[in-house]
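We'll go from charges and overall dimensions to the cores, then to a few individual residues.

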Amino acid sequence: MNNILTLRGKRFTQEPRKNGISGVKVPANSLIELSHLKAIHQSLLKVRTFWQEINLLDGVLLSAYYNKIIAKSNRISGYLSSTKEIPNDSIVGAKFNADKDKHIITHYVSRELLDNTIVLSENVIHLFNDTFPNGELTDKEFDDKQLFNSLPYEKYHLSKTAFRAILRDSVFIEKFDVEEVSQSEIKNAIVTFYDVNTNIRVLLEKVGIDISTANILDNTTVLLDEKYLNLVYTKIPYLVAMAVEDFSMLSPDDFKTAVEKIEIPIPSPTNEPVIGVIDTLFERDVYFSEWVEYHDMISDDIPKESRDYNHGTAVSSLIVDAPNLNRNLDDGCGRFQVRHFGVALQSGFNSFTIIKQIKEIVSQNTDIKVWNLSLGSNDEIRENFISAEAAVLDEIQFENDVIFIVAGTNSSTGRKKIGTPADSLNSIIVNSVDFENQAASYSRQGIVLSFFMKPDVAYYGGGNGKFINVCEPLGLGQVAGTSFAAPLIARKMAYLIHIMGLSREEAKALLIDSAIGWHRQKSFDNRTLIGNGIVPINIKDILSTSDDEIKFIVSDVSEKYHSYNYDFPVPISNGKHPYVAKATMCYFPKCYRNQGVDYTNTELNLVFGRLSNKKGETIKAINNDAQHFDDAPGYIREDSARNIFRKWDNVKHISETFTPRKQAKTILNTDNPQWGMSVRTIERLRKRDGEGIRFGVVVTLKEINGVNRIDDFIKLAQLRGWLVNQLQVETQVEIYNKLSEEIVFE
């Protein structure tokens with residue numbers, strides 16, 4: 001077996017985006033029609049009429065209904081535009097239609113801007129009618145510069161830029177309208193309102209809703225009871241962006257009664273890494289209690305029952321001592337210490353309160369990098385927005401160098417969608433498989449926001465009549481559920497970060513890459529249950545690779561639009577590269593819940609492959625991704641870019657297929673026969689959220705003839721200035737122990 005390598009010491013080159021001058025174009029075979037321009041204009045008039053009788057806000061909310069899933073570059077640029085603001089800056093929400101094939105994007109604009117847009121639309125219609133009497137304009141006519149340069153724009157109080165922008169917008173826009181949420185059966189809900197630049201407390205007071213500070217999460221999200229919910233749906237349904245029930249009951253786990261007292265000898269803790277646990281209560285009178293620092297966050301005024309201690313105690317027992325409790329799941333990671341925060345009761349709790357507590361807990365325990373969260377809702381996630389609980393986890397992970405391992409939630413009544421907070425994108429979501437590697441019967445399904453693949457991975461959580469051994473307050477218990485698969489993954493992540501010295505981005509990428517292997521799940525239904533695959537049991541199987549593979553980890557920070565490194569010296573044999581390759585990248589983007597389905601603010605696009613000398617193509621991508629090449633063969637639709645190249649996903653996996661008859665690759669650039677990696681940063685909003693975002697990439701090169709070439713790779717990499725380190729478990733443990741020693745000064 002070969003060790004995994006880390007390549008350090010050579011930074012990626014950073015380049016800003018080159019703003020080439022390209023004219024406004026419309027897709028091929030487009031047809032701009034006067035009748036459609038008039039229909040859009042009528043929809044704008046209808047929106048203005050709606051808001052004329054409502055003076056609650058200074059501005060107005062209106063939604064643009066697109067005719068497809070729209071790329072950022074094809075969002076409206078003429079409508080709702082002015083010299084002071086662009087339409088993209090006024091977006092406050094985004095969702096898909098019922099068929100999930102069209103965007104509906106909501107804007108908040110001033111009343112003056114709406115009036116100006118209506119005037120602009122009317123002038124465009126007049127000029128179009130006078131210029132194109134047949135009422136139609138083809139894409140070829142739209143590209144005729146001579147035609148548009150000769151039009152009398154001043155007569156219609158228009159500029160050529162505004163005229164062409166409106167015409168182009170009409171190719172993608174169906175209509176404008178006002179979105180109104182319908183009454184739901186929810187009794188207590190976490191409600192998020194559109195961001196309308198008004199203090200949420202003041203806004204709600206105007207319609208007779210007086211809420212306490214304790215029920216406010218931020219300036220758009222509040223907790224409302226049934227009475228206030230009815231007021232909202234009656235008086236201001238147009239202000240509600242999303243509403244989800246405040247979950248107060250855990251998703252069900254399968255518990256068997258404690259069967260015997262546990263008598264396992266356990267030493268005292270020394271310098272083991274600490275994993276944070278946020279769960280139900282912890283019973284101090286258990287054999288491993290010395291390994292757990294417990295903080296009870298539930299008020300003493302609230303009565304506590306014995307069952308409130310079962311779940312939390314069981315979860316912490318697995319993090320501390322899983323190999324002794326389950327010999328068949330010995331991961332080789334040893335024991336871990338736990339800092340356990342009891343925030344919930346099995347009998348019921350307030351998830352809104354827990355959200356606030358989690359933010360406070362993480363901020364006050366900065367030494368903890370890995371957090372286990374095995375609490376989850378029995379209710380299903382929503383299609384068009386992320387839950388408030390998951391959004392807080394994503395925010396915490398963007399702002400802090402931490403990672404959450406979250407249980408995928410369980411179902412006792414057939415297949416259901418996963419429950420919050422398993423819709424957190426930055427977290428690792430863990431579903432269960434039984435010991436025959438089949439998705440457990442209680443596992444619930446992704447995906448999230450109709451696109452993001454959740455869960456991330458699967459692991460052994462019991463099922464099919466077999467259980468996971470845990471320690472409960474009364475002794476040995478046998479359980480099944482994603483709640484008990486998650487802590488076993490938390491152990492591996494903590495080992496990779498604390499013992500092996502990897503960043504969280506690198507550790508997450510390596511863990512997911514180990515689950516994928518060379519045969520990614522082809523069945524979509526199966527992937528919605530087990531994500532990228534099943535993580536190997538033993539940590540050595542994650543930290544090593546077969547003799548015919550070279551696996552290395554590289555990471556850096558995206559500081560500008562293009563980060564690249566063209567200096568990966570892949571060994572050559574007989575003038576060719578005899579490899580197939582794959583790569584897995586992870587990063588932790590800033591997310592914005594109010595953007596709905598357009599939740600992640602930053603896209604990092606990964607390209608890896610041989611260096612090329614073809615004009616406009618620096619790298620021959622192993623997955624044929626040509627989204628950003630100068631000579632890309634044609635326009636790539638947004639839905640294709642998302643589904644094929646995982647655009648906007650914070651986990652990227654690109655791969656070639658490995659077959660016995662695979663041929664060696666020719667050298668494309670004889671002057672520089674290296675391989676290269678390119679990471680391009682795309683911002684959804686103009687807030688530069690991608691600056692300084694770290695990414696980690698795991699690359700695997702498989703020699704098609706079975707030859708071990710790792711020594712050649714190491715020598716070549718060192719000659720080109722890379723600092724190459726082999727991740728040897730014994731060496732890293734020794735380094736960790738040395739670094740953890742306390743130095744006593746006499």
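Charges to begin with: in this predicted model, the chain carries 84 positive and 98 negative side chains. The centres of those two sets lie 6 Å apart. As for the surface, the chain exposes about 30900 Å², and carbon and sulfur atoms supply 46% of that area.

On overall dimensions, the C-alpha trace spans about 90 × 75 × 55 Å along its principal axes. A compact globule of 746 residues would have a radius of gyration near 27 Å, and the chain's 28 Å agrees with that. Of the 746 residues, 58% count as buried. The secondary structure comes to 17 helices and 34 strands. If you take the contacts with a separation of 6 or more, residues 24 or more positions apart account for 81% of them.

Now for the inside. The largest nonpolar core has 118 residues, and the ones touching the most other members are Phe-163, Leu-167, Phe-176, Phe-193, Leu-224, Leu-239 and Phe-404. Helix H2 (residues 111-131) supplies the largest share of this core, with 8 residues. Apart from that core lies another one of 78 residues, including Val-315, Ala-439, Ile-539 and Cys-586.

Leaving out neighbours within four places in sequence, Phe-176 is in contact with Ile-40, Ser-43, Leu-44, Val-47, Leu-62, Ser-63, Ala-64, Ile-76, Tyr-79 and Leu-80.

Asn-538 sits in the loop between helix H13 (524-530) and helix H14 (539-542). Which residues does Asn-538 touch, not counting those up to four places away in sequence? They are Asp-330, Asp-331, Gly-332 and Lys-492. Asn-538 and Asp-331 are 207 residues apart in sequence, yet their C-alpha atoms are 4.1 Å apart in space. Asn-538 has a relative accessible area of 25%, so it counts as partly exposed.

Asp-58 belongs to the loop between helix H1 (34-52) and strand E5 (59-66). Is Asp-58 buried or exposed? With 71% relative accessibility, Asp-58 counts as exposed, because the cut-off for that label is over 50%. Its contacts, again leaving aside neighbours within four places, are Tyr-108 and Arg-111. Asp-58 and Asp-711 are 653 residues apart in sequence and 68 Å apart in space, C-alpha to C-alpha.

Finally, some backbone geometry worth a look. Most residues other than glycine have a negative phi, and most peptide bonds are trans.

| Where | Feature | Value |
|---|---|---|
| Thr-420 and Pro-421 | cis peptide bond | omega about 0° |
| Lys-454 and Pro-455 | cis peptide bond | omega about 5° |
| His-157 | positive phi, not a glycine | phi near 55° |
| Asn-574 | positive phi, not a glycine | phi about 55° |

To find them: Pro-421 is in the loop between strand E18 (403-407) and strand E19 (428-433), while Pro-455 lies in the loop between E19 and strand E20 (457-460). His-157 is in the loop between helix H4 (145-149) and helix H5 (160-172), and at 69% relative accessibility His-157 counts as exposed. Asn-574 is located in the loop between strand E25 (562-568) and strand E26 (576-577). Asn-574 counts as exposed too, with 78% relative accessibility.

Methods
Residues are numbered from 1 along each chain as its sequence is written. This is a predicted model: local features need pLDDT of at least 70, side-chain atom pairs count only at pLDDT 80 or more; totals for chains, interfaces and linings use all residues. Side-chain values use heavy atoms; hydrogens and water are left out. Helices (H or I, at least four residues) and strands (E, at least two) are DSSP runs, numbered from the N terminus. The radius of gyration is taken over C-alpha atoms; the globule rule is 2.2 Å times the number of residues to the power 0.38. Buried means under 20% relative accessible area, exposed over 50%, partly exposed in between (1.4 Å probe, protein chains only). Contact means heavy atoms within 4.5 Å. Accessible areas come from the Shrake-Rupley method with a 1.4 Å probe; for residues, only the protein chains shown count as cover. Lys and Arg count as positive and Asp and Glu as negative; His and the chain ends are not counted. The place of a charge is taken as NZ of Lys, CZ of Arg, CG of Asp or CD of Glu. A nonpolar core is a set of buried Ala, Val, Leu, Ile, Met, Phe, Trp, Tyr and Cys residues joined through side-chain atoms within 4.5 Å.
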